[in-house]
Amino acid sequence: MCQGLPFEDEIAAESERLALKYNPVWSGAGETMHPIVIPDVYQERFELVYHEEYPLKVHFTRESWHGRMKTCRGIGASLAETEIAAWEQCSGRSLWILAGCPFSKNVILFKGGVLWMNG
């Protein structure tokens with residue numbers, strides 16, 4: 001169990017629900033643990049030697065989780081300032097109710113993207 005994906009964790013699920021409330025077309029919703037595909041274009045100049053995806057436990061406070069969500073592409077990178085402010089009010093209330101302080105979440109990391117340049 002990854003405990004950082006929306007279908008496995010109450011805080012992640014609520015965070016995703018709120019992100020979708022303010023940005024219904026957010027493409028990051030519904031993420032699962034899966035192999036990261038390296039685009040074929042890299043094979044023209046590089047040889048993939050090794051890569052893997054794995055969960056890494058990261059410790060969060062309410063504030064640091066809120067900041068992580070605010071900087072995701074579904075919120076900070078795509079919403080207007082007024083929409084971000086509205087999201088912040090809802091998100092802050094939800095985290096205060098749901099999250100103990102501090103808490104831990106596993107986040108999915110891409111490891112190793114070891115690429116060697118051909119030629």
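Guide: Because the model is predicted, local features need pLDDT of at least 70 and side-chain atom pairs count only at pLDDT 80 or more, while totals for chains, interfaces and linings use all residues. Residues are numbered from 1 along each chain as its sequence is written, and side-chain values use heavy atoms, with hydrogens and water left out.

Visitor: Why is Ser15 called buried?

Guide: Buried means under 20% relative accessible area, exposed means over 50%, and partly exposed lies in between (1.4 Å probe, protein chains only). Ser15 has 9% relative accessibility, and therefore it counts as buried. Ser15 belongs to helix H1, residues 10–22, where helices (H or I, at least four residues) and strands (E, at least two) are DSSP runs numbered from the N terminus.

Visitor: What makes the link between the side chains of Ser15 and Trp65 a polar contact?

Guide: A polar contact is a pair of N or O atoms within 3.5 Å; within protein, one must be able to donate a hydrogen and the other to accept it, and residues adjacent in sequence count only if both atoms are side-chain atoms. The side chains of Ser15 and Trp65 are joined at 2.8 Å, which falls within the 3.5 Å limit. If residues up to four places away in sequence are not counted, Ser15 touches Trp65 and Met69, contact being heavy atoms within 4.5 Å.

Visitor: Which residues have the most contacts inside the largest nonpolar core?

Guide: They are Tyr22, Trp65, Met69, Cys72, Ile75, Leu79 and Trp87, in a core of 14 residues. Helices H1, H2 (62–70) and H3 (81–98) each supply at least two residues of this core, and H1 gives the largest share, 4 residues. Such a core is a set of buried Ala, Val, Leu, Ile, Met, Phe, Trp, Tyr and Cys residues joined through side-chain atoms within 4.5 Å.

Visitor: What makes Arg17 and Glu14 a salt bridge?

Guide: A salt bridge is a side-chain nitrogen of Lys or Arg within 4 Å of a carboxyl oxygen of Asp or Glu. The closest N and O atoms of Arg17 and Glu14 are 2.7 Å apart, and this pair therefore qualifies under the 4 Å limit. Both residues lie in H1, 3 residues apart, about one turn of the helix. Arg17, at 44%, is partly exposed, whereas Glu14, at 17%, is buried.

Visitor: How many salt bridges does the structure hold?

Guide: The structure holds 2, and one of them joins Glu88 to Lys70, with closest N and O atoms 3.1 Å apart. That pair links distant parts of the chain, with Glu88 in H3 and Lys70 in H2, 18 residues apart. Glu88 has a relative accessibility of 28% and so counts as partly exposed, and Lys70, at 30%, is also partly exposed.

Visitor: Why is Glu16 called buried?

Guide: Glu16, in helix H1, has a relative accessible area of 13% and is therefore buried.
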